[in-house]
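I opened this entry to keep track of what I looked up, item by item. The chain and its fold are displayed below, and my notes follow.

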Amino acid sequence: MPETLGVGIIGLHMGAGQLRQIANVPGLKIVAICDLEEDLLKSLQSEFDIPFATTKYEELCAYDEVDIVSVATPDYVHLEMAEAAFASKKHVMMEKPLARTNDECQRMIDAQRAAGTKLMTAHVARFYDVFRKVKGWTQDGTLGETYNLYTSYIHNYENIPGYNRWRFDPELRHQLIGGGCHALDLARWIGGEVAEVSCYSNHFNIPVLETDDHFNVNLKFQSGAVGITVGSFGCAHPYNIDMHVWGTKGSVIATNTLPEAKICLRTIDRNKWLDMPAGAAPKGLAAEFQVLAEAIRNDTEIESDGISGARTVALGWAAIESSREGKPVQPKLDF
Ligand SMILES: NC(=O)c1ccc[n+]([C@@H]2O[C@H](COP(=O)([O-])OP(=O)(O)OC[C@H]3O[C@@H](n4cnc5c(N)ncnc54)[C@H](O)[C@@H]3O)[C@@H](O)[C@H]2O)c1
């Protein structure tokens with residue numbers, strides 16, 4: 001295993017953020033980039049002094065110096081790019097959502113299993129300092145047993161159609177899968193696997209969308225805990241991601257855009273919130289690449305792997321089915 005792993009990034013809108021955050025991470029070297037926009041490609045190639053730049057993702061996937069292919073393109077090309085990377089025995093960092101549908105997720109996982117390389121789903125919210133603290137408090141006993149949680153992804157997409165308006169085409173992206181997956185994934189990360197989901201949704205805000213743009217998802221976890229995840233995409237509300245966790249010993253309210261989390265503990269005062277510093281601004285891209293690099297070097301498991309990413313997509317589709325059919329649905333877990 002080479003000491004330094006070569007990274008190739010496809011898709012240079014989100015991928016430019018990855019470039020900036022991982023450019024100086026020891027043990028990683030960006031060796032190739034790819035995008036359809038030639039001006040963007042050239043300017044980033046010269047700014048970051050990258051040896052290889054191409055408009056053809058197949059060339060990047062086949063490029064010898066690339067060990068990790070990072071796919072940061074629209075959701076509807078995730079599968080074909082992953083398949084090309086796995087055909088060349090590369091490891092893959094896949095932007096969220098893993099893919100558009102359960103079937104696409106399964107095909108991606110099958111391709112990864114055949115290649116025998118690693119697949120990580122880039123659920124960056126798991127790497128925000130404040131949410132990592134909350135996760136730690138659920139694991140070290142501080143909050144006791146989790147019995148209720150709330151997560152939300154609140155992001156107005158009215159003016160973010162994507163480079164070819166892909167975000168407004170329901171075949172190319174469903175809002176709850178593409179955006180809501182952040183909050184659904186956080187719910188799974190804290191609460192464990194979901195046994196049943198029941199969802200109500202409506203459509204008051206983005207007329208051009210053909211699907212609903214607000215979702216209240218009720219979750220029943222295998223552990224016995226319950227929860228609600230909200231995905232809202234046309235709201236008059238600043239962007240933020242929330243995580244509230246209620247445990248038998250204490251409760252916590254955290255938001256990725258506020259400098260402090262609030263915690264209430266029975267042992268201190270069950271009627272009082274305490275302010276807790278929430279850590280640095282949410283930059284998790286370097287941290288998530290370090291996790292993938294460590295897993296490649298040591299051949300270890302990845303928490304946010306392909307199966308986990310697929311289960312988050314499946315949870316979203318179970319919620320969509322529930323809202324359409326008016327009945328509870330059990331999400332697919334076996335990938
Ligand atoms: N983690 C996060 O918080 C976060 C934030 C934004 C986007 N994303 C994810 O990143 C992905 C991309 O989103 P975006 O906002 O950058 O989309 P975008 O539409 O703004 O940009 C897509 C880019 O991909 C390029 N592209 C499209 N098809 C291509 C192809 N066949 N070959 C090479 N390049 C191609 C386009 O030229 C464009 O530069 C999506 O999956 C999205 O869900 C994640």
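**Ligand shell.** I sorted the residues of the shell around the ligand by class and got 11 nonpolar, 5 polar and 5 charged. For the classes I took Ala, Val, Leu, Ile, Met, Phe, Trp, Tyr, Cys and Pro as nonpolar, Asp, Glu, Lys and Arg as charged, and the others, Gly among them, as polar. The model is a predicted one: local features need pLDDT of at least 70 and side-chain atom pairs count only at pLDDT 80 or more, while totals for chains, interfaces and linings use all residues. Residue numbers run from 1 along each chain as its sequence is written. The ligand is surrounded by 21 residues, and the closest are Gly11, His13, Met14, Gly162 and Tyr163.

**Domains.** I then asked why the ligand lies between domain 1 and domain 2. Domain 1 (5–124 + 285–305) and domain 2 (126–281 + 313–325) both give residues to the shell, so the ligand lies between them. The domain bounds come from an automatic or database domain assignment. I noted 26 Å between the C-alpha centres of the two domains. Their contact takes 16 residues from domain 1 and 15 residues from domain 2; two residues are in contact if their C-beta atoms, placed from the backbone, lie within 7 Å. On the side of domain 1 that touches domain 2, helices H5 and H9 (285–298) each supply at least two residues. That side has 8 nonpolar, 4 polar and 4 charged residues. Helices (H or I, at least four residues) and strands (E, at least two) are DSSP runs, numbered from the N terminus.

**H5 and its neighbours.** I looked up H5 (residues 102–115) against H10 (residues 306–325): the axes come within 9 Å and cross at roughly 170°. That makes H5 roughly antiparallel to H10. Axes are lines fitted to C-alpha atoms, for helices over the stretch in contact, and angles run from 0 to 180 degrees between N-to-C directions. Angles under 35 degrees count as roughly parallel, over 145 as roughly antiparallel, 65 to 115 as roughly perpendicular and the rest as oblique. From H5, Asn102, Cys105, Met108, Ile109 and Gln112 take part; they meet H10 residues including Gly306, Ala310, Val313 and Trp317.

H4 contributes Leu79, Ala82, Glu83 and Phe86, and H5 contributes residues including Glu104, Arg107 and Met108. The classes here are 7 nonpolar, 1 polar and 3 charged.

**The sheet with S1.** Which order do the 6 strands of this open sheet take? I read S3-S2-S1-S4-S5-S6, with parallel pairing; strands pair if DSSP finds at least two bridges between them. S3 (52–54) and S6 (119–122) are the edge strands. The twist from one strand to the next averages 25°. S5 (residues 91–95) is joined to S6 by 4 bridges, and the bridge partner of Glu95 is Ala122 in S6. H9 packs on this sheet, its direction making about 155° with that of S5.

**H1 on H9.** The axes of H1 (residues 14–22) and H9 come within 8 Å and cross at roughly 80°. That makes H1 roughly perpendicular to H9. Gly17, Gln18, Gln21 and Ile22 of H1 meet Leu285, Ala286 and Phe289 of H9.

**The sheet with S7.** The other entry is an open sheet of 8 strands in the order S8-S9-S10-S7-S11-S12-S13-S14, with mixed pairing. S8 (194–202) and S14 (274–277) each pair on one side only. Neighbouring strands are turned by 15° on average, direction ignored. S12 (residues 250–255) and S13 (residues 260–265) pair in the antiparallel sense over 4 bridges, and Ile253 has Lys262 of S13 as its bridge partner. H8 (residues 181–191) packs on the sheet, and its direction makes about 160° with that of S7 (146–154).

Methods:
A residue is near a molecule or strand if its C-beta atom, placed from the backbone, lies within 6 Å of it.
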